[in-house]
Each structure stands twice: as structure tokens, then as C-alpha cells.
Amino acid sequence: MRLSGETSSEDEEEKETQVNPHICPSSLNVDHEMVVGYALTSKKKKSFLQPKLEGLARNKGILFVAIDLSRPLADQGPFNVVLHKITGKEWFKIIEDYQRKHPEVAVVDPPDAIEHLLDRQSMLQDVADLNMHDCYGTVAVPKQLVIREDSQSIPCEVAEAGLSLPLVAKPLVVDGSPKSHELFLAYDQYSLVELEPPMVLQEFVNHGGVLFKVYIIGDFIKVVRRFSLPNISRRELSKVTGVFPFPRVSSAASSAEDADLDPGVAELPPTPLLERLAKELRHRLGLQLFNIDLIREQVNRDKYYVIDINYFPGYGKLPDYEHMFTNFLLSASKSKGRAGTMGSKFQLYMQY
Ligand SMILES: O=P(O)(O)O[C@H]1[C@H](O)[C@@H](OP(=O)(O)O)[C@H](OP(=O)(O)O)[C@@H](OP(=O)(O)O)[C@H]1O
Ligand SMILES: Nc1ncnc2c1ncn2[C@@H]1O[C@H](COP(=O)(O)OP(=O)(O)O)[C@@H](O)[C@H]1O
Ligand SMILES: [Mg+2]
Ligand SMILES: [Mg+2]
């Protein structure tokens with residue numbers, strides 16, 4: 001279905017996407033199949049809700065409407081789908097209450113499932129439990145240790161846990177703040193006392209300097225290559241001491257898609273492995289929108305490690321995300337509608 005009065009002219013299409021997002025959808029004179037309420041930070045809105053996405057969505061009968069955080073959610077809508085990426089207990093409670101009162105709405109995703117990804121220890125727990133050994137490769141988590149307080153005890157704890165150097169030190173909590181992405185490389189365990197807990201210490205894995213970002217949008221999977229930290233040789237390790245901050249090496253600006261890479265490094269992970277990993281994690285995490293940072297061990301090329309999982313990542317930089325996302329929204333809304341008559345327990349299973 002289309003918005004009424006729609007024409008094929010690009011200019012008009014552009015104008016129509018500018019519909020005031022604060023207008024109550026029921027008051028709009030439009031013929032839309034579904035309304036998607038969204039609560040996103042201005043940064044996320046800018047990177048995700050691009051005119052091309054809004055235009056394509058409108059052609060498929062999907063209208064995006066901004067949720068006004070200063071007004072009760074119950075007074076807004078009606079929505080078929082609610083998309084959100086706002087952290088904080090207050091918002092999580094609002095969205096949970098809303099889902100209880102409106103089981104017919106597909107809330108993407110449930111706050112308790114998102115919360116699981118806000119801590120770098122619980123984030124990787126489900127991968128550790130996966131037991132993926134015979135699927136064109138093995139998928140694991142690098143050995144890691146959580147330090148909650150008292151940095152003086154770190155050298156002992158690292159030795160007791162049997163962690164091998166070098167280590168990557170990552171803030172335990174991931175809340176979208178720049179601080180939660182301030183990571184360090186540690187060449188010796190004694191220098192770790194300089195760092196500020198709470199943090200995770202994770203074994204560094206040589207992986208040829210390229211990382212795979214595996215994007216999941218419901219049933220859709222898309223993988224891209226990004227540059228990452230280069231290998232660290234034994235020689236370098238024996239000569240260097242200290243902890244060193246490093247910048248966001250695998251951001252969108254570090255795409256390795258067009259780089260002239262060694263074929264052994266560039267080769268994408270096997271599709272069956274990615275499909276199984278994505279399916280298992282969707283099910284175990286109870287999430288539809290996330291990405292996985294995956295690296296392949298340099299020496300043992302059928303060994304993969306998940307090092308990071310991000311909720312509602314930067315889809316806007318993914319080629320063709322508009323098609324995948326709009327199709328996902330249509331199916332999320334439909335499966336919720338179908339399952340709505342079958343009781344809420346069943347709805348969850350219907351989505352996987
Ligand atoms: O933790 P890592 O692995 O770095 O993942 C980040 C976060 O998902 C960021 O989202 P948020 O800031 O909401 O946490 C996202 O930024 P955008 O939302 O601006 O796209 C980044 O996109 P890239 O910049 O494409 O990497 C993505 O790489
Ligand atoms: N265990 C590891 N071994 C090798 N490189 C790693 C490891 N952990 C992180 N990195 C590198 O550090 C980058 C950032 O780490 P990540 O855990 O993804 O944190 P963030 O949430 O800030 O993206 C990764 O993209 C990768 O380049
Ligand atoms: Mg990452
Ligand atoms: Mg991350």
C-alpha cells in the first residue's frame with residue numbers, strides 16, 4: 001500500500017518523507033499498512049533513518065513516527081512496531097510496561113535482552129555456551145577475565161587464570177559513551193595496575209588485521225570486512241612492556257571491502273557457519289537487531305572468535321540495508337499479528 005497522493009517524482013518523494021514525525025499517525029490522511037514508532041538518540045536517528053530508508057518504507061506502506069520522550073508512551077501511537085535504542089533503567093521500564101499493555105505491538109527488542117549486551121562479560125556468555133565445533137569451523141570466545149575492583153591484584157589474577165599475553169583491556173560496561181570504547185593493549189601483566197576497573201581482560205588473538213562484522217536484521221545476515229589490529233609477533237611481545245590505548249580501529253571509516261588483501265585473510269567465513277551462529281544467537285539472546293565482531297585465528301584458520309556483540313549497530317553504513325530493514329519490519333509486524341491470537345508465549349517462538 002502507498003501513502004495517498006503519492007507520485008513517482010523524486011522531488012515529491014523527498015517532500016513526503018519530511019512529514020512532521022511528531023504528528024499523531026492516526027490523524028494523518030494516509031493509507032499505510034503499518035506505523036513504526038522509534039525512540040533513538042539524535043546520532044542514531046541521523047545514521048539510521050536516512051531519506052532513502054524513509055522513502056522506500058513509505059512505498060511499502062510503512063510510516064516512521066518519532067516517539068516523544070517528554071510525553072507518556074501510552075498516549076502515542078497506535079504503533080505496529082516500536083524500535084528503540086535508548087539506554088537507562090527509566091526507559092527500559094517504560095517500554096516493558098508498554099509491551100505488557102500492548103502485547104500486539106512488536107517491540108524490537110525486549111529491554112532485558114538488550115541489557116545482556118551492555119556488559120562485556122554477559123554479552124559473550126551465550127557464545128561460550130554454543131558448543132559450535134563441527135560447522136565448517138569452531139566458534140569460541142577468547143579467554144577472558146573480569147576485574148571488578150582493586151587493580152593491584154591484577155597481575156596475580158591474570159597469572160592464576162592462566163591468561164596469555166598480550167591482552168586487550170575493555171571497559172566492562174558498554175553504554176554508548178566514548179569511554180566505554182576506550183580500549184588498551186597490554187604487553188605485560190604488571191602494567192595492568194595502571195588501568196581502571198571494572199574491565200574485561202581478553203587474550204589478544206592474531207587474526208591478520210581484518211575483522212568480519214556480521215550484521216543481523218531478523219532473518220537477514222550480511223557480512224562486511226573491516227580493518228582491525230595487526231598481528232603481534234612473539235618478538236614484539238618480548239621487547240615491549242606497558243599498556244597502550246588504541247583508537248576505534250574497526251569503525252565504518254576502516255572498511256576493508258575494497259582493499260588488496262591476502263586472499264587467506266580476505267576470505268569470508270563459511271556461509272553455513274555464519275547462518276548457524278546468527279540463528280543460535282538470535283534465539284539465545286532473544287534479539288533481532290545486532291551485529292557480531294568475528295575474527296579468524298591466523299594460524300588455525302578454521303577457528304573463529306566472537307569478540308564483541310553490538311545492539312542495533314550502524315546499519316546505515318551497510319549497502320542495501322533499506323531493503324533488508326523494511327522487509328524485516330513487515331515480517332515482524334505480521335508474525336506478531338498472527339501470533340497475537342495464539343498467546344504471548346508462542347509469539348516469541350514464531351519470530352525465530
Ligand atoms: O562497538 P562497535 O563494534 O564499534 O559498534 C559500533 C556501535 O554499534 C555504534 O552504535 P552506537 O553508537 O549506537 O553504539 C555504531 O555507530 P552508529 O550508530 O553511528 O552507526 C558503529 O557503527 P560504525 O561507525 O559503522 O562502525 C558500530 O561500529
Ligand atoms: N581479543 C581480541 N583479539 C584481537 N583484536 C581484538 C580483540 N578484542 C578486540 N580487538 C580489536 O579491538 C577492536 C575493538 O574491540 P571491541 O571488543 O570490538 O570493542 P568495541 O565495542 O569498542 O568495538 C576490535 O574491532 C578489534 O580490532
Ligand atoms: Mg566492536
Ligand atoms: Mg561494541
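Biologist: Which residues coordinate the magnesium ion (ligand 4)?

Modeller: In this predicted model, the magnesium ion (ligand 4) is coordinated by two OD atoms of D308 and by OD1 of N310, at 2.1 to 2.8 Å.

Biologist: What does D308 bridge?

Modeller: D308 bridges the magnesium ion (ligand 4) and the magnesium ion (ligand 3). The two ions lie 3.6 Å apart.

Biologist: Are D308 and N310 buried or exposed?

Modeller: Buried means under 20% relative accessible area. D308 has 11%, so D308 counts as buried. N310 has 16%, so N310 is buried as well.

Biologist: How many residues of strand 14 are buried?

Modeller: In strand 14 (residues 303–311), eight of the nine residues are buried, so the strand is largely enclosed by the rest of the structure.

Biologist: Which strands pair with strand 14, and in which sense, parallel or antiparallel?

Modeller: Begin with a general idea about strands. In a regular strand, side chains alternate between the two faces of the sheet. Here, strand 5 (residues 138–140) runs parallel to strand 14, with three bridges joining them. Strand 13 (residues 289–296) pairs with strand 14 in the antiparallel sense, over seven bridges. Strand 13 is joined to strand 14 by a hairpin of six residues.

Biologist: What is the bridge partner of A140 in strand 14, and of I295?

Modeller: Y305 is the partner of A140, and Y305 is also the partner of I295.

Biologist: Where does R282 lie, and which side chain does a polar contact join to R282?

Modeller: R282 lies in helix 10 (residues 271–285). Its side chain makes a polar contact of 2.9 Å with the side chain of D219. R282 has a relative accessible area of 8%, so R282 is buried.

Technical notes:
Residues numbered from 1 in each chain as written. Chains lettered and ligands numbered in written order. Predicted model: local features only at pLDDT ≥ 70, side-chain atom pairs only at ≥ 80, totals over all residues. Heavy atoms only, no water. Helix = DSSP H or I, 4+ residues; strand = E, 2+ residues; numbered from the N terminus. Buried < 20%, exposed > 50% of the residue type's maximum accessible area, 1.4 Å probe, protein only. Polar contact = N/O pair within 3.5 Å; in protein donor to acceptor, adjacent residues only side chain to side chain. Donors = N, O, S within 2.8 Å, 3.2 Å for Na, K, Ca; no water. Pairing = 2+ DSSP bridges.
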